[in-house]
Each structure stands twice: as C-alpha cells, then as structure tokens.
Amino acid sequence: MPQTWLECIRCGRKYPIDEVAYRCESCGGLLDVEHDFNALKDRSGAEWKELFSRRSRMSEWPYQSGVWAKKEWVAPQINEENIISLGEGYTPLLRVKNLAGLPAVWVKECGISHTGSFKDLGMTVLVSHVKQLISQGTQIRAVACASTGDTSAALAAYAAAAGIPAIIFLPRGKISTAQLAQPIAHGAIVLGLETDFDGCMEIVQQITTDKSIYLANSMNALRIEGQKTVGIEIVQQLGWEVPDWIVIPAGNLGNISALGRGLMMMRQLGLIDRLPRIVAAQAENANPLYRSFLTAFKDYQAVQAKRTLASAIQIGAPVSYERAVKALREFGGIVEQASEDELANAAARADRAGLYACPQTGVALAVLGKLASRGTIKSHDRVVVISTAHGLKFTDFKVKYHEGALTDVTSRHANPPVELPADVPAVRRAIRERLRTEDL
Ligand SMILES: *Cc1c(COP(=O)(O)O)cnc(C)c1O
Ligand SMILES: [Zn+2]
C-alpha cells in the first residue's frame, strides 16, 4: 500500500500521488490527498506530540519549517533533496487583550511569513512536489495560478527558488501594488486579464488541461496538505489544548477545508479528543458561502463578487465549496459576514491594539465581534482568529482609511498626521491638544 494517494471527494476513485490530476475523471469531483492511517498509527498520539515538540526546538533542515516538521502527515512521498522551503510556518500565536468585544483573543499571525501570507504553507508543498515530478521525468514546463494577489506572490517566490517558470493570471487593477510587485520581482510571467478572479480561474483551468503547465490553485490538493498544518500548529502552540473557536476569513474556501483536515487528522491519530468550532468569515460583497449557510447548505449559488476592500476574498464562485461544507458540518461551523464599514473599522481597532491587520483579518475580527455581542461566543471561550496576511501588503487600504477616503466606510479611528510649520510654540500646542494636557 502506498503512503499517500489522490482520492475523489465525491466517488472515492483513487489516483497515484504522482499523477497530474486536479479533478476526478469519472465524476468531476475535486481530489484530496489521502494518507495511510494504519501506517501513521505506528506512533501513538503522545508519541506524535513528543516528536513534533522536539522538532519545534530544532534548527535542523527541513524541520525548521513548521510544514516540514510534519512531513509524515503532509507529504511523506517527497524526497528531501526536492524540498523547496523558505522557512514557512511556526508563525506567532499572539494573545491580544480587549479585542472584538472579548477580554482576550488569540491571533495566529500567518502573515508573518516569507511572502507575507499563509499561502506559503501550501506553496512549499506544491512546488516541492512539482520538483519531484520533474526529477522523475514528468514533462512540466511551468507552474500557473489565478490569484487575488497572495497566491501569485507565494507561487512566484517558491518557483523562483526551485528554478521553475511561473505564469500568473491576475484580474487587472484589482490587486494591491505590493502584491503585484512580488511576482514581477520574482521573474514570473504576469498576465493581467480584463476580468475578475473567477474569470482568471476559468482561464487557468483551461490552459492547464495541457498537463505540462501545472495548476497551482488551491483546488490542487497538494496545497491543502501544507495549509492544514495551521490548525495543528495552533493546538501545539496552545500546549496541545484545543481552542473553543477558530475564526477564519474565507474566499475560495481552500484554507477553511485545510484547517478542518489538519484538526481532524489530529483527532483521528489521537493527539486531541475534541474539536473546536469553526467560523467562516466572508465579506458581504462576496458571500456565496454565507448565503448557502442561511439555507443550511441546501442551496448554493455562485454570485458575482462585488468589489471589496478584502480583495483576497473577492470571490463569487469558490472552487472548494464542497470541501468547505464538509468541514463546516464536521466542526459545528458558522458562517457570518461583514460589511466594508465593519471590516475596515475592525482592522483599525486591531491596529490600535498593536496588530497590523490586513482587510481579510478585519473581516474575521468584525465577524467575531458580531458573534461575541450576540452571545454565540462567550467571553470566557478561548478563541483563535487566523490572520491571513501581513498588513504591510495593504498600505493603500491603511492610508486611505486614515484619510477617510474609503468608499462605504466611516473611518471611526482615523488618525491623520498633523501638518505644522517648523515652529516650537505651534508644535507644543499641537502636542498639548493631542495629549490633552496643559502643562507642557
Ligand atoms: C487566499 C487568502 C484568503 C482566502 O483563502 P481561501 O483558501 O481562498 O478561502 C484569505 N485571506 C488572504 C490574505 C488570502 O491571501
Ligand atoms: Zn469521482
């Protein structure tokens, strides 16, 4: 029996792990990577925890990566010489007081990473896998993805490190300058198309029917395997204790599926004995999962995503919808949405507490605030919010917020700079006003 294989999430048909396939030939379902649990059960839950804890204290390659520290669970098929790692994973889990209406919230800072978002977790596995396929003689000319920004940054960086050409399909004018700069800097072929993310996704799927162009979007199961380490890492960082809730921004729905898979694997292999509840946070302007949740997932319709500040989740036809519904059912999931005004002000409040929240993290924090004020999430519950990207990627959003220049947003925490002549009394006066003091 092989250690890993691809398996259709609908009909269960299996494919070898080294086959270039993204959908089932029989039924069109997405494929997941499956693992030989009997082999993994050679170690007890306690032994796995011991091993993972030991590796987290080691600087030995490749275990200094939070993803490759869990290699047996993620990609045992990949030989070490093919691993392309840029130090992904092991991101900080911060305890932040007085956030989103709760006395304390844990924030998993996935944006503190090589390319500035959680996409690194999946891309290290995908690109390493491709490197291995090429070394085995598979004809792959390039890797390709459609992107709302962060996927392309991660793919371009890992592909550059591997020496594999990357082709990036971006919706023209819909991603931040910082995000566009990354793939360009890494030498990727960047194609800006006159469409939205969903339109780019359509085209990349057609281009990659030629198997020599390898598809790197999260419908590709290899990425999900790397991303699933986030849930494992959270529990590990909490001293192997399971939080009550994990709140995650959701767009194409790969990451929420990955979160569920990692946690489920921990339970199946005896590392934990209960599961957290998961909250999917969507932007009101791109909310197909939220709408479906309102019908208990009986109805589902793709929507035309409207423009949202949370551009990384501006997706109307999420590819991993089925995977996400499975995860939400298993984890007592809730879906909630946030408006532009809510997400921008939630991000600004987080910044005042010392974070630097990207707009997607703003969506998660706004949603958490709603569930806390409704009493769904209690003040003594242990809550983890997944911060998906670094705020520095969204400088336009920050600057415009503080200028009061964002559409549909009232900047309640605007803090514009004070412009003054180079004059000491004027400067004193300004500081006095700001500090609300007379004696200066
Ligand atoms: C990709 C991304 C998301 C959404 O993840 P999905 O897997 O598409 O649901 C959220 N936030 C940021 C910053 C992202 O880059
Ligand atoms: Zn199938």
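Analyst: Helix α10 gives the most to the lining of the largest cavity, with three residues. Helices here are DSSP runs of H or I with at least four residues, strands are E runs of at least two, and numbering starts at the N terminus. The model is predicted: local features need pLDDT of at least 70, side-chain atom pairs count only at pLDDT 80 or more, and totals for chains, interfaces and linings use all residues. Residues are numbered from 1 along each chain as its sequence is written, chains are lettered from A and ligands numbered from 1 in the order written, and side-chain values use heavy atoms, without hydrogens and water.

The volume of the largest cavity is about 280 Å³. A cavity is a set of points on a 1 Å grid over the protein atoms alone where a 1.4 Å probe fits but cannot get out, and a lining residue has an atom within 4 Å of a point. Volume is the space filled by probe spheres set on the points, which are joined across faces, edges and corners. The whole structure has four cavities of 30 Å³ or more. Lining the largest cavity are 25 residues, with Phe118, Lys119, Gly251, Asn252 and Ala312 nearest its centre. Two or more lining residues come from each of α5 (150–162), α8 (221–227) and α10. By class, this lining has ten nonpolar, twelve polar and three charged residues. Nonpolar means Ala, Val, Leu, Ile, Met, Phe, Trp, Tyr, Cys and Pro; charged means Asp, Glu, Lys and Arg; the others, Gly among them, are polar.

A pocket is an open set of points with protein on both sides within 12 Å along at least five of seven lines. At least two lining residues come from each of β3 (31–35), α10 (254–268) and α12 (321–330). The classes are five nonpolar, four polar and seven charged.

Strand β3 leads on to a sheet. Three strands form it, open and antiparallel, in the order β2-β1-β3. β2 (14–16) and β3 are its edge strands, each pairing on one side only. Pairing needs at least two DSSP bridges between two strands. β1 (residues 4–8) and β3 share five bridges. In one of them, Glu7 has Asp32 of β3 as its partner.

Now the largest pocket. It contains about 540 Å³ of space. It is lined by 22 residues, and Arg307, Thr308, Leu309, Lys400 and Leu406 are closest to its centre. Its lining has seven nonpolar, eight polar and seven charged residues. Helix α15 supplies the largest share, three residues.

Helix α15 (residues 395–403) also meets α13 (residues 340–352): their axes come within 11 Å and cross at roughly 95°. Therefore α13 is roughly perpendicular to α15, a label for angles of 65 to 115 degrees, with under 35 roughly parallel, over 145 roughly antiparallel and the rest oblique. The contact uses Leu343, Ala344, Asn345, Ala347, Ala348 and Asp351 of α13, with Phe397, Lys398 and Tyr401 of α15. Contact means heavy atoms within 4.5 Å. Six of these residues are nonpolar, one is polar and two are charged.

Key. Axes are lines fitted to C-alpha atoms, for helices over the stretch in contact, and angles run from 0 to 180 degrees between N-to-C directions.
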